[in-house]
Amino acid sequence: MEVRENLHKVQRQIQEACSTGGRDPREVTLIAVGKTKPVEMLLDAYQGGARDFGENKVQEMISKIPQMPQDVRWHMIGHLQTNKVRQVVGRTCLIHSVDSLRLAREIEKESEKQNLVTNILLEVNVAREESKYGFFLDEVEEALYSMGDLSHIKVCGLMTIAPFVSNAEENRAVFRKLYQFYVDMKTKNIDNMNMSILSMGMTGDFQVAVEEGATMVRVGTGIFGTR
Ligand SMILES: *Cc1c(COP(=O)(O)O)cnc(C)c1O
C-alpha cells in the first residue's frame, strides 16, 4: 500500500514540476527503480500504474523479469560490463548507461547476432566526477559520430547521474548544461541517432531535473523506501 502512495506522490510532484517548468507531463516518463527490493514491492508499484522499471544489476534484472507481468518495460540503468551484454540485449527497452565506445560496439555485435536494434542512451559525466562512469561532455559528439557506423544500435538520447548534494538546487546547472547540449545535438543529422530522451533526476533532485527538461526520471528511494 505504502509503495503505491509513494508512487502517486512522486507522480504528483512530477506534475507540479511540469507546471513550474512549463512542461507537458506527457513528455516525462517515471522509471521506478526497484534495485535491491523484492518483486512484491515492484508488483505494488505495477498495480499502482507503473510500467517502466529500472535495475542497475544484470543478474537482478534477469531474475525479476519472469516474475513480473509481460508488459513491463525494463530499463538497464547501471554500469554494464561487456561480458554481460549478451544477457541484456533483447530484454530491455532501453540501456541508459552506455559509457564507452567499446560497450556500444559490444551491444552492436550482440544485437546483430539477435537480428534486432537496441535502444541506448549515452551516459554523460557532466560534473566530471572521478567516481562516476560516463563520457565527458566534450567527448559525446565524437562518440555519436563514431556510433553512426553501428546500425544495430539506436542512440535515443543522453543520461546523467548528477552529483550527490544536500540541496537539489545545486544540480540545476548540471541539468541545464546537459539539456542545452541535448537540444544542440537534436539539430544534427547523425546516423543511428534520434535524440529524443533525456534521462536525468533521481529521488533527491528529480523535480529540478524535470523543470530543466528531463524526459525520464529514475526514482528508487522515493517510491520503495531506503535501501
Ligand atoms: C539507484 C539509481 C537511481 C535511483 O536512485 P534513488 O536516489 O534511490 O532515487 C537512479 N539512477 C541510477 C543509475 C541508479 O543506480
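At what angle do the axes of helix 1 and helix 2 cross, and within what distance do they come? The legends below begin with this pair. The model is predicted; local features require pLDDT of at least 70 and side-chain atom pairs pLDDT 80 or more, whereas totals for chains, interfaces and linings use all residues. Residues are numbered from 1 along each chain as its sequence is written, and side-chain values use heavy atoms, with hydrogens and water left out.

**View 1. Helix 1 and helix 2 cross at roughly 50 degrees.** The axes of helix 1 (residues 2–21) and helix 2 (residues 39–47) come within 8 Å; axes are lines fitted to C-alpha atoms, for helices over the stretch in contact, and angles run from 0 to 180 degrees between N-to-C directions. The two helices are therefore oblique to each other (under 35 degrees counts as roughly parallel, over 145 as roughly antiparallel, 65 to 115 as roughly perpendicular and the rest as oblique). Helix 1 passes helix 2 in a right-handed crossing (the near helix is turned clockwise from the far one). Val-3, Arg-4 and Leu-7 of helix 1 make the contact with Met-41, Asp-44, Ala-45 and Gln-47 of helix 2 (heavy atoms within 4.5 Å).

**View 2. Helix 6 packs against helix 7 at an angle of about 25 degrees.** The axes of helix 6 (residues 137–147) and helix 7 (residues 172–186) lie 11 Å apart. These helices are therefore roughly parallel to each other, and their crossing is right-handed. Helix 6 contributes Leu-137, Val-140, Glu-141 and Leu-144 to the contact, and helix 7 contributes Lys-177, Leu-178, Phe-181 and Met-185.

**View 3. Strand 5 pairs in the parallel sense with strand 4 and with strand 6.** Five of the six residues of strand 5 (residues 118–123) are buried (under 20% relative accessible area, 1.4 Å probe, protein chains only). Strand 4 (residues 94–98) pairs with strand 5 over two bridges (pairing requires at least two DSSP bridges), and Val-98 has Leu-122 as its bridge partner in strand 5. The β-α-β crossover from strand 4 through helix 5 (residues 101–113) to strand 5 is right-handed (clockwise with the strands pointing away from the viewer). Strand 5 and strand 6 (residues 153–159) share six bridges; in strand 6, Leu-158 is the bridge partner of Leu-122. The crossover from strand 5 through helix 6 to strand 6 is also right-handed.

**View 4. Strand 8 is covered on both faces.** Met-216 and Arg-218 on one side of strand 8 (residues 216–219), and Val-217 and Val-219 on the other, are all buried. Strand 1 (residues 29–33) pairs with strand 8 in the parallel sense over four bridges, and Val-217 is the bridge partner of Leu-30.

Definitions and conventions:
Buried means under 20% relative accessible area, exposed over 50%, partly exposed in between (1.4 Å probe, protein chains only).
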